[in-house]
Amino acid sequence: LGLGEPTRLQYAMAYRLQHGPESFQLQAGRGAGKSVLTSMFVSWLILRDPNSTIMVLSATGNKAIEFISMTRNVLALVPYCQHLIPGPNTKDSAFGFNVESRTKIGQDLSVFARGISGQITGSHADWAIIDDVEIEGNSNTADAREKLIHKTLELEQIRNVGGGIRILGTPQSSESIYKKMRAYYPVHKFPAVMPDPDIPGQA
């Protein structure tokens, strides 16, 4: 992708995406590369199993579409992923695509985007990627935050058995929905600077 060598922090996040629990929250600061790494994780999932289905949820449809585009770029640039690129007769749009080597027929695309405020009931996916669903416009009141949490928990009815959920986010306030969702999804935090146990107060 021309982004250079990943940092130690990015390698750590990539390892957790691959080897972490079935469903969890991955938290890191803005610019840490969460979305790019998770896009690579999604490409790895469909490389391992071309019949996998992955739904990407973001605060807006446009944000999710950006994730879809990034994943398509990975497939196009990585030589051993190019057999997955949608062919001329395969479904392929800004909102989602089917991989060329898919053999399982279904109404849900291999990778498809949804906005968290849109209709997600009726969709089914093996994996759900939730990428920064909390923004000021949808979480500025207690009622709005409760609605957002309820919408996110709908994924348990959408996710197929054997898949998982990856929730990417950066808490914006002490009332962040990510804090309340700890009861359902454990948090794995990746700080920009690791605390030094030899310095008092940082351990």
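**A helix residue and its surroundings**

Colleague: In which helix is isoleucine 68 found?
Modeller: Helices are DSSP runs of H or I with at least four residues, strands are E runs of at least two, and both are numbered from the N terminus. On that basis, isoleucine 68 is found in helix α3.

Colleague: At what pLDDT do side-chain atom pairs count?
Modeller: Residues are numbered from 1 along each chain as its sequence is written, and side-chain values use heavy atoms, with hydrogens and water left out. This is a predicted model, in which totals for chains, interfaces and linings use all residues, local features need pLDDT of at least 70, and side-chain atom pairs count only at pLDDT 80 or more.

Colleague: Is isoleucine 68 buried or exposed?
Modeller: A residue is buried under 20% relative accessible area, exposed over 50% and partly exposed in between, with a 1.4 Å probe and protein chains only. Contacts (heavy atoms within 4.5 Å) link isoleucine 68 to residues including Val56, Phe97 and Val111, leaving aside those up to four places away in sequence. Since its relative accessibility is 1%, isoleucine 68 counts as buried.

Colleague: What distance separates the C-alpha atoms of isoleucine 68 and phenylalanine 97?
Modeller: Phe97 is one of the residues that isoleucine 68 touches. The two are 29 residues apart along the chain, and their C-alpha atoms are separated by 8.3 Å.

**The chain as a whole**

Colleague: What radius of gyration does the protein chain have?
Modeller: The protein chain contains six helices and eight strands. For 203 residues, the globule rule (2.2 Å times the number of residues to the power 0.38, with the radius taken over C-alpha atoms) gives 17 Å. The chain's own value is close to this, so the chain is as compact as a globular protein of that length, with a radius of gyration of 17 Å.

Colleague: What percentage of the residues count as buried?
Modeller: The C-alpha trace spans about 60 × 40 × 30 Å along its principal axes. Of the 203 residues in the protein chain, the buried share is 46%.

**Asparagine 98**

Colleague: Which residue's backbone nitrogen does the side chain of asparagine 98 reach?
Modeller: Asparagine 98 sits in the loop between β4 (96–97) and β5 (111–115). Its relative accessibility is 12%, so asparagine 98 counts as buried. At 2.9 Å, its side chain reaches the backbone nitrogen of serine 110.

**Salt bridges**

Colleague: Which residue meets aspartate 132 in a salt bridge?
Modeller: A salt bridge places a side-chain nitrogen of Lys or Arg within 4 Å of a carboxyl oxygen of Asp or Glu. In this pair, the distance from N to O is 2.8 Å, and the partner of aspartate 132 is arginine 30.

Colleague: How many residues apart in sequence are the parts that this pair ties together?
Modeller: Aspartate 132 counts as buried at 10% relative accessibility, whereas arginine 30 counts as exposed at 53%. Aspartate 132 lies in the loop between β6 (125–131) and α4 (142–153), and arginine 30 in the loop between β1 (23–28) and α2 (34–48), so the separation of the parts they tie together is 102 residues.

Colleague: Which residue forms a salt bridge with arginine 72?
Modeller: Arginine 72 lies in helix α3 and its partner in strand β3 (residues 92–93), so the pair ties together parts 20 residues apart in sequence. The closest N and O atoms are 2.9 Å apart, and the partner is aspartate 92.

How values were computed
Polar contact = N/O pair within 3.5 Å; in protein donor to acceptor, adjacent residues only side chain to side chain.
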